[in-house]
Amino acid sequence: MRETVDILGVAVDKISAGSAQKKAERYLRTPGLSVIFTPNPEIIMAAHEDPAFKEVLNSADICTPDGIGVVYASKMIHNPVPERVPGFDLTCGLLQSISKTGEGVFLFGAKPGIAETAKEKLQEKYPGLVVSGTHDGYFTDDDNTRIIKEINDSGAKLLLVCLGAPKQEKWIYAHKDELQVQLAMGVGGALDVFAGNVKRAPQFFIKCNLEWLYRFIKQPSRLRRFSALPKFMLAVKKSIKS
């Protein structure tokens, strides 16, 4: 039975990291397509302002609470999620799992060459991992049929779509009836991290829920994106009063 909390109209799962991985592993062995999205405050705020995007997020089988702001928002609503479940960590756990069981993964997104580099690095990190195929994130609508055929022909069970939100979620939603993978996930800039082009925050920042601060220190140009957080918290506070 799925248990969720409504945050600005988005159904976010009240789920732990361990439970999320177990469910994801089951999806990989279940016929039909399952979908996992990983909304953070910026993504939920975008959905709050875009009803079509909100519908896309709410179509997922799991929406993990990715971002400490989502955790705080659930507490404000008095319906707390157990913990933050970062999409990147969930992805790493899944890759480690399938490196032992043999299900293939298809890497889709990022700049040309990044997915191929990520493939090499991931196979070094997770010996036995089957990367069934790769494709960069530079394409037009006319390329969709060919890309979907590549994904389906690869035999991959897991599809990681790294196009950034909301593009990745909308792409999965638009093509869910054509995809023949068992599990599709939208995981943003994961391929850049896997390829070594972007460094993830040190464990201290992650454990203290300050990963956002580390990103801001490293990329002050992200200020406009971070401004979504106070806007998000104010919107949540307003929704409680109304």
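Q: How many disulfides does a search of the whole structure find?
A: In this predicted model, a search of the whole structure finds zero disulfides, where a disulfide would be a pair of cysteine sulfur atoms within 2.5 Å.

Q: Why is Cys-63 called buried?
A: The relative accessible area of Cys-63 is 0%, and buried means under 20%, so Cys-63 counts as buried.

Q: What makes Cys-92 count as buried or exposed?
A: Cys-92 has a relative accessibility of 11%, and because the cut-off for buried is under 20%, Cys-92 is buried.

Q: Why are α2 and α13 called oblique to each other?
A: The axes of helix α2 (residues 41–49) and helix α13 (residues 228–241) come within 9 Å and cross at roughly 60°; angles under 35 degrees count as roughly parallel and 65 to 115 as roughly perpendicular, so α2 and α13 are oblique, and their crossing is left-handed.

Q: Which residues of α2 and α13 meet?
A: From α2 come Pro-41, Glu-42, Ile-44, Met-45 and Glu-49, which meet Ala-228, Leu-229, Lys-231, Phe-232 and Ala-235 of α13; by class, the residues of this contact are seven nonpolar, no polar and three charged.

Q: What makes α1 oblique to α5?
A: Helix α1 (residues 17–27) and helix α5 (residues 87–101) have axes that come within 10 Å and cross at roughly 50°, and since roughly parallel requires an angle under 35 degrees and roughly perpendicular one of 65 to 115, α1 is oblique to α5. The crossing of α1 and α5 is right-handed, with Ala-20, Gln-21, Ala-24 and Glu-25 of α1 in contact with Leu-90, Gly-93, Leu-94 and Ser-97 of α5.

Conventions:
Residues numbered from 1 in each chain as written. Predicted model: local features only at pLDDT ≥ 70, side-chain atom pairs only at ≥ 80, totals over all residues. Heavy atoms only, no water. Buried < 20%, exposed > 50% of the residue type's maximum accessible area, 1.4 Å probe, protein only. Axes fitted to C-alpha atoms, helices over the stretch in contact; angles between N-to-C directions. Helix = DSSP H or I, 4+ residues; strand = E, 2+ residues; numbered from the N terminus. Parallel < 35°, antiparallel > 145°, perpendicular 65-115°, else oblique. Left-handed = near helix turned anticlockwise from the far one by under 90°. Contact = heavy atoms within 4.5 Å. Nonpolar A, V, L, I, M, F, W, Y, C, P; charged D, E, K, R; others polar.
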